[in-house]
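The following account leads the reader through the structure, from the whole chain to particular contacts.

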Amino acid sequence: MAQNLIWEAAVREHELREADRGMSGKERTILVAGSKQSGKSSIVLRFMERGEESKPTTGLDYVYFRRATGHNLAEHVTHIWELAGGSSLADLIDVPIKPSNIAGVSVVMVLDLSRPEDMWDTFTEIIAKIREAVQAVKAQLKEDKTQSKEILEVLRKNAWGKFGKNHPDKEILAPLEVPLVIFANKYDLFVNKFDAEKQKIIGTSLRFLAHIHGASLMYCSCRSEGLMLRAKGLLSHIAFGDVHSNATSIDYEKPLHVPTGSDNVGKIGPPLLPAGSDTKIPNMKPLDFWRYAFNAHFPQTAKTTERGEESPAADPQFAELVVDQMRAQKDIELAKYKQATEKAAKEQERRAKAAAASTALSSDKASAATPAEGESKAARAARKKQGAPADQTKASRSKRH
């Protein structure tokens with residue numbers, strides 16, 4: 001029995017190393033995405049050890065982090081792309097995910113623990129776009145067969161390497177094919193805002209989301225040095241391959257840390273539903289049922305279809321006096337042009353209606369002046385002489401026939 005346990009542990013360690021091998025190389029790319037104002041920029045700056053204050057991200061921001069690693073102190077570069085706007089700008093995800101770098105891409109999803117009302121839908125919408133981008137890259141790789149086999153094998157190991165061949169939840173898992181980390185941020189606000197029961201509901205739901213998508217889950221807070229130190233260690237692991245602790249914490253009264261592949265549905269338990277909720281919903285997949293349960297406690301807010309609620313032109317960090325003055329002048333001219341165009345359109349519409357009314361009136365007069373159909377000149381002359389109406393004349397003519 002002891003020998004079997006030792007063998008299983010050895011196999012497990014080998015699988016973990018094989019999965020990490022997919023992240024090897026001197027250049028890696030990290031895509032940082034997640035909820036609006038969830039602390040994405042703050043986490044990136046703390047990781048890069050920059051003392052500057054974070055600024056609102058607009059669109060897709062890029063920075064790089066260069067560091068000497070390994071025994072030979074070879075330079076290692078990590079490209080960091082930060083996506084703004086929650087899921088509203090998710091179409092930009094395919095910019096940093098390309099065939100040339102897919103083998104070294106990782107995703108960091110930052111969610112706001114203090115705002116569960118937009119947590120679930122933001123995560124699932126962004127993940128869906130990432131999956132689309134990865135599938136598009138795979139399609140391109142299959143056309144170019146020079147290195148496609150090696151890269152596709154890396155993607156497969158990224159997805160399944162840390163679960164092992166005999167994981168009990170294999171049938172329902174859909175792991176992402178690039179390494180995924182979920183930072184559930186603002187833990188300090190979370191513990192003060194929610195009671196123990198709601199903390200557990202959020203915690204179990206995040207564990208299930210992370211487990212199904214093959215992610216590591218970690219609670220963090222930019223106001224806690226201890227939690228940030230742990231988060232920076234995980235980021236150093238995915239950015240530079242540094243050794244990172246896989247210690248698990250699943251106590252809901254403490255910050256969670258659940259590494260990829262260490263969880264299962266049996267440990268997580270069933271979703272917690274409010275009293276009186278319908279627990280027997282036919283033909284609902286596990287992920288959909290968990291969303292149903294989470295939404296019962298924290299209804300997800302409707303997403304706006306408009307992009308760019310905050311215009312980059314109004315952002316003070318992009319201020320340029322001459323350009324801004326010219327832009328303001330052009331805005332005034334554009335407003336005047338719109339007013340003149342609307343006025344001209346209304347005047348054109350008024351004239352068209354007047355012309356249509358005039359045409360209709362002329363048509364009515366012409367119809368009234370037109371003689372009755374089939375009435376001869378002689379019959380009209382006789383009718384005029386006798387004063388008989390046209391319909392009587394027509395009737396007498398039909399009788400004769």
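The paragraphs below treat the chain overall, then a helix pair, then salt bridges.

This is a predicted model, in which local features need pLDDT of at least 70, side-chain atom pairs count only at pLDDT 80 or more, and totals for chains, interfaces and linings use all residues. Residues are numbered from 1 along each chain as its sequence is written, and side-chain values use heavy atoms, with hydrogens and water left out.

The chain contains 12 helices and 7 strands, taken as DSSP runs (helices H or I, at least four residues; strands E, at least two) numbered from the N terminus. Of its 401 residues, 39% are buried (under 20% relative accessible area, with exposed over 50% and partly exposed in between; 1.4 Å probe, protein chains only).

Helix H3 (residues 119-143) and helix H9 (residues 286-297) have axes that come within 10 Å and cross at roughly 150°; axes are lines fitted to C-alpha atoms over the stretch in contact, with angles from 0 to 180 degrees between N-to-C directions. H3 is therefore roughly antiparallel to H9 (angles over 145 degrees). Met 119, Trp 120 and Asp 121 of H3 meet Leu 287, Trp 290, Arg 291 and Phe 294 of H9, a contact defined by heavy atoms within 4.5 Å.

The salt bridges number 13, each a side-chain nitrogen of Lys or Arg within 4 Å of a carboxyl oxygen of Asp or Glu. Glu 225 pairs with Arg 46 at 3.0 Å between the closest N and O atoms, linking helix H7 (residues 225-240) to helix H2 (residues 40-47) across 179 residues. Glu 225 is exposed at 59% relative accessible area, whereas Arg 46 is partly exposed at 24%. Within helix H3, Glu 132 and Lys 129 lie 3 residues apart, about one turn, and Asp 91 is linked with both in a network of salt bridges.

Conventions
Parallel < 35°, antiparallel > 145°, perpendicular 65-115°, else oblique.
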